[in-house]
Amino acid sequence: MNKDMVNFSLEGKVALVTGGVYGIGFAIAKALHQAGARIVYNCHTQKSMETGIANYKDAGIDAKGYLCDVTDEDAVKAMVADIEATVGTIDILVNNAGIIKRIPMEEMAVEDFRQVVDIDLVAPFICAKAVIPGMIRKGHGKIINICSMMSELGRETVSAYAAAKGGLKMLTRNICSEYGAANIQCNGIGPGYIATPQTAPLREIQPDGSLHPFDKFIIAKTPAGRWGTPEDLMGPAVFLASDASDFVNGQILYVDGGILAYIGKQP
Ligand code: NAP
Ligand code: GCO
């Protein structure tokens, strides 16, 4: 491919999307498939695996799924080894799997804090560590960490999540620093408020039929005047997974409808 031709194609590439069975991860997996990548995904409950199998079948995508808890290093290493043996070396890793616990800090048990950090920060380290050797052997690799607005901002009740996502921003920059010379680009996507199961509690219709106060707050705070959808993340993910972003490294691409730039509509 001429270097003066922009290349968004992922033909011949193998992409692992953690937690890629619904929500943001599934949308990103669809996008990478549309660009030509072979999709592999994981989740950690049988129920979600069944959801994932149905979703990929409905989308006409021949993807391979693994039941694997991303916090379990031995399980992740075994999953990556099986992928490399049966599908191919992983060219693209999307560290998407994540949870949130919304609990006021003074009420949050340390175990809850640790679980969020384990899944949202330690697990991306585990998964990146597992795929980097193969990427080095191949001479290239793309790691995309799904960060958050909470990589930049805090809010009440999300201390563990903000700490983890802030750490994930710096892990992104450190993988860039440590492996850029191996032609591995590690960037983050920072979604704004996206309508998925994770944010469903913030959008529940009130008993009187009105919007949830937080729903109204986000709409007022977002220049786009709406919540994002998982589909809004598809193009940015293809860009960061493709050769078109080979000189982009250590960056967090915020896909937030402008919320981080905006003071918010006057009430
Ligand atoms: P979601 O709908 O709750 O999906 C989370 C996914 O992560 C599920 O597939 C879940 O699998 C998987 N997962 C959770 N713990 C896991 C573990 N220990 N091992 C393997 N898989 C695990 O979340 P989402 O809204 O799509 O968010 C996806 C990512 O985007 C998360 O990192 C989230 O923090 C981030 N994000 C979301 C928003 C938003 O507004 N929605 C905004 C910014 C960033 P199971 O079903 O098996 O548990
Ligand atoms: C919350 C939300 C946010 C979003 C996202 C914003 O409770 O504030 O869940 O954390 O999930 O991370 O970028």
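Analyst: The answer below takes the chain first, then each ligand in turn.

This is a predicted model, so local features need pLDDT of at least 70, side-chain atom pairs count only at pLDDT 80 or more, and totals for chains, interfaces and linings use all residues. Residues are numbered from 1 along each chain as its sequence is written, chains are lettered from A and ligands numbered from 1 in the order in which they are written, and side-chain values use heavy atoms, with hydrogens and water left out.

The protein chain has 7 helices and 7 strands. Helices (H or I, at least four residues) and strands (E, at least two) are DSSP runs, numbered from the N terminus. Their order from the N terminus is β-α-β-α-β-α-β-α-β-α-β-α-α-β. The radius of gyration (over C-alpha atoms) is 18 Å, close to the 18 Å that the globule rule (2.2 Å times the number of residues to the power 0.38) gives for 267 residues, so the chain is as compact as a globular protein of that length.

Ligand 1 sits in the largest pocket. A pocket is an open set of points on a 1 Å grid over the protein atoms alone, where a 1.4 Å probe fits, with protein on both sides within 12 Å along at least five of seven lines. To sit there, a molecule needs more than half of its atoms within 2 Å of the grid points. Around ligand 1 are 30 residues (a heavy atom within 4 Å). Y22, S48, N96, Y161 and T196 come nearest. By class, this shell has 16 nonpolar, 12 polar and 2 charged residues.

Now the polar contacts (N or O pairs within 3.5 Å). A side-chain N or O atom of Y22 is 2.6 Å from an oxygen atom of ligand 1. Backbone N or O atoms also take part: I24 at 2.9 Å from a ligand 1 oxygen, and I194 at 2.9 Å from a ligand 1 oxygen. Taken alone, ligand 1 exposes 890 Å², and the protein buries 94% of that (Shrake-Rupley, 1.4 Å probe). The elements giving two or more residues to its shell are α1 (23–34), β2 (38–43) and α5 (159–179).

Ligand 2 also sits in the largest pocket. R155 puts a polar side-chain atom 2.6 Å from a ligand 2 oxygen. For Y193, a side-chain N or O atom is 2.7 Å from a ligand 2 oxygen. P191 uses a backbone N or O atom, 2.8 Å from a ligand 2 oxygen. Alone, ligand 2 exposes 330 Å², of which the protein buries 96%.

Terms used. Polar contact = N/O pair within 3.5 Å; in protein donor to acceptor, adjacent residues only side chain to side chain. 1 Å grid on protein atoms, 1.4 Å probe; cavity = no way out; pocket = protein on both sides within 12 Å on 5 of 7 lines; lining within 4 Å. Nonpolar A, V, L, I, M, F, W, Y, C, P; charged D, E, K, R; others polar.
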